[in-house]
Amino acid sequence: MENIKEKLSTILKNEYYIKYQPVILPAVTGIICLILLLFVVIPQFTKIQTNQKNLKQIQEKIKFYNQKAATLKNIEPKAYEDNLTATLLALPDDRDIPGIIGQIQTLLLQTDLLLDGVIFTNPSVAGSGVNNYQVKIEVTGELENIKSFISKMQESSRLVRLSQIELSSFGLTATKVKASMEFTTFFQSLPQTVINLDKEVPELSNNDKQLLAKLKGSITNTPSGGTIQSPPISVIVGKTDPFK
Amino acid sequence: MKISINLLPEELKSTVKRKAALSLAKKANIGLLVLMIILTASLFAFVLYDSLKIKSANQELEQLKGKIETYKDQESLAAVLKARLNSINTISQIHSPQNTSFNLIIKIILPDIKVKSLSVGKSSRVIANIETQSTKSLDVFFNSLTDPKVHDGKILGTKIEALSRSQTGQYKADLDISFK
């Protein structure tokens, strides 16, 4: 400390210091201020701006997550599971051949048609999109009953569309008609990953609710299957999907 | 009357002035330095405050992430249900033109016309093989096939592939009907 004081005293008494004192002090002050400005003030100012931006983003995320948590809290799992069951009946996650056979059996019984044969075509699977396969049904019965069967098939809980039909001998005295009908039936596998933290919770629109009501209505309107007139359908045993 | 007399010599006057100026300059420099130090310290304090705020906000964010994680079943259900409904909605809007063609032909065919075969293919073309004793019914049927008021413009055209009359007076016709 004494050494420092001595040295300082020497500098202050130096003739050059005394001569250039008016220049030295401002210069030193200027240099220090410049250094502080360049290496401290400006970087810290930039950092403050970045921090403010980050903070704003974090706060927006917090707001979004709060809203998402509130929405998820209001979801009743049981109600949604019931809704999902209704959609899976309409659009199963696999071919569900027993399901379509059951539906055909029920409708044949309702429309008093005789089943001559059922043929399933091998479906083309296109990843996670909607897939389809054809069901060809051969029946014998009244023309009106065939019309009724087609109508009921397309209005049933399972989504099907008539894609081909062949009829023979109806009108005049012919009472029994042989028909071969091909229906396209749809299925879609369930997605692998659905959860995304930064994605909004999808809410059901009015259209969705109406569609759900319609699907549930068509399920309740389809009665359970019963016995079928001859020829009998062979009971499927073993693999539920003969094409696997 | 006051008289002021400055008895200082000229050289001393300039020296005093110079010293005063120097002193002012020193004070200004020190003031500027102090100001810079205060500014720097303020900036550091603000940065520290911001960092603490960000840390607190990040902690809150992590807690919320954990909270949302507990609702993953609900989120899965909602997402799958919505996707499913979208697919069903898309499929529901697919109409079966074959169904429309079939229903229209059945509606047009008169009771005294016998249909030996009727085929509605994937392109909605209808191939029909008919028989009738009545020329009037045949005429009415052909007119219905070509009258837009009857078929609502759904039939593009009808081709009579074959038309014959047997000895018993039975008319037979092979028709190829194209739909829109």
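The paragraphs below take up the interface and then a set of paired strands.

This is a predicted model, in which local features need pLDDT of at least 70 and side-chain atom pairs count only at pLDDT 80 or more, while totals for chains, interfaces and linings use all residues. Residues are numbered from 1 along each chain as its sequence is written, chains are lettered from A and ligands numbered from 1 in the order in which they are written, and side-chain values use heavy atoms, with hydrogens and water left out.

Between the chains, 80 residues of chain A are in contact with 63 residues of chain B, contact meaning heavy atoms within 4.5 Å. Together chain A and chain B bury about 6600 Å², of which 73% lies on carbon and sulfur atoms; buried area is the accessible area (1.4 Å probe) that two parts lose on being put together, summed over both. There are 3 salt bridges between chain A and chain B, a salt bridge being a side-chain nitrogen of Lys or Arg within 4 Å of a carboxyl oxygen of Asp or Glu. Lys68(A) forms a salt bridge with Glu75(B), with the closest N and O atoms 2.8 Å apart.

Within chain B, strand S3 (residues 155-165) and S4(B) pair in the antiparallel sense over 9 bridges, where strands (E, at least two residues) are DSSP runs numbered from the N terminus and two strands pair if DSSP finds at least two bridges between them. Ile155(B) has Phe179(B) as its bridge partner in S4(B). S3(B) and S4(B) form a hairpin with 5 residues between them, and Gly169(B) in the turn has a positive phi of about 90 degrees.

Terms used
Helix = DSSP H or I, 4+ residues; strand = E, 2+ residues; numbered from the N terminus.
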